[in-house]
Amino acid sequence: MWDPTTYLRYGDERSRPFHDLVARIPAERPRTVVDLGCGPGQLTATLTERWPASRVIGLDSSPEMIDRAAALDAPVDFAVADLRDWRPDGDEDVVVTNAALQWVPGHQALLRRWAVELPAGAWLAMQVPGNFTAPSHRALREVADRPAWRAELAPLLRSDPVDDPADYAELLTGAGCAVDAWETTYVHLLPARPTADHPVLAWMEGTALRPVRAALDAAGWSAFRAELGLRLAAAYPVRQGQVYFPFRRVFVVARTGDRAEENL
């Protein structure tokens, strides 16, 4: 179960990659814009400002996220749906998926299928976190591999759920797209408060720790997060009242059925 409030704890930091991704989509008057894995919807709503004449659709597999999104005062069609089952109808000129595909094993096949099934000249834009070798995620896997939790957690945590930009570029170029692929490392300055959890632990509770919390009982979860918190405090020390948290992101913007680089 997703908790929209926890996810939005660092809303400004989490929203920046979305805006950087959308800024690279040069579509002018798309008929339909689809956000796959739209979460609580506040970022999807900004697409109606970018393309006010377009129909905007937001889909997410979490009922909790869609409930939060539907409460927004935004002209967006929100619905519960699994992005793995989504197929284009023929008038989708822009498809965005932001920080969602890392949860989907084998999502490369989905990207290829979407690239083939979307109309020629449509835009397919994706962003995924690329920080799975960072100290935060190494610590997560190390704690999860402790005997007390290995059986429950080892199957849930993959060390390489996403590819590098060059791999995605090769995949989508092979599907007939013109491709713009890049990576960015953001350095988030997370405020640290003496009576609060370590800020990187608080960040991870909104995303990476969600399946861990779901798999453990209350006592197991309390013990797990306490040990992980100690490791994170050592890996990300507090300096000048804040933690410097580098976070790598992988971006791809592709135009379907068009190999001409000048169109990017």
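Predicted model: local features only at pLDDT ≥ 70, side-chain atom pairs only at ≥ 80, totals over all residues.

In what order do the seven strands of the open sheet lie? The order is 3-2-1-4-5-7-6, and the pairing is mixed. At the edges are strand 3 (77–80) and strand 6 (178–191), each of which pairs on one side only. Neighbouring strands of this sheet are turned against each other by 15° on average, direction ignored.

**Strand 5.** Next select residues 123–129, which make up strand 5. Seven of the seven residues in strand 5 are buried. Show the side chains: Trp 123, Ala 125, Gln 127 and Pro 129 point one way, while Leu 124, Met 126 and Val 128 point the other way.

**From strand 4 to strand 5.** Strand 4 and strand 5 run parallel and are joined by five bridges.

Select residues 242–255, which form strand 7. Which way do strand 5 and strand 7 run, parallel or antiparallel? They run antiparallel, with seven bridges joining them. Two pairs can be picked out here: Leu 124 stands opposite Ala 254, and Ala 125 has Val 253 as its bridge partner.

**Helices on the sheet.** Select helix 8 (residues 165–174), which packs on the sheet and touches strand 5, strand 6 and strand 7. The direction of helix 8 makes about 150° with that of strand 6.

**Helix 6.** Select residues 135–144 for helix 6 and colour its buried residues: Ser 136, His 137, Ala 139, Leu 140, Val 143 and Ala 144. Why do these residues lie on the same side of helix 6? They cover an arc of only 155° around the axis, so they share one side. In an α-helix there are 3.6 residues a turn, so residues three or four places apart point the same way. Among the elements covering the buried residues of helix 6 are helix 7 (150–153), helix 9 (199–205), helix 10 (210–215), helix 11 (218–235) and strand 7.

**A span from the record.** Select residues 33–114, which an unreviewed UniProt entry annotates as "domain: Methyltransferase". The end C-alpha atoms of this span lie 14 Å apart, and the span is 30% helix and 26% strand.

**Two loop residues.** Most residues other than glycine have a negative phi. Ala 99, in the loop between strand 4 and helix 5, has a positive phi of about 55° although it is not a glycine. Finish at Gln 240, in the loop between helix 11 and strand 7. Gln 240 is not a glycine either, yet has a positive phi of about 50°. Is Gln 240 buried or exposed? Gln 240 counts as exposed because its relative accessibility is 69%, and exposed means over 50%.

Notes
Residues numbered from 1 in each chain as written. Heavy atoms only, no water. Pairing = 2+ DSSP bridges. Helix = DSSP H or I, 4+ residues; strand = E, 2+ residues; numbered from the N terminus. Axes fitted to C-alpha atoms, helices over the stretch in contact; angles between N-to-C directions. Contact = heavy atoms within 4.5 Å. Buried < 20%, exposed > 50% of the residue type's maximum accessible area, 1.4 Å probe, protein only. Arc of directions from axis to C-beta. UniProt positions renumbered as here; feature names shortened; annotations may be inferred.
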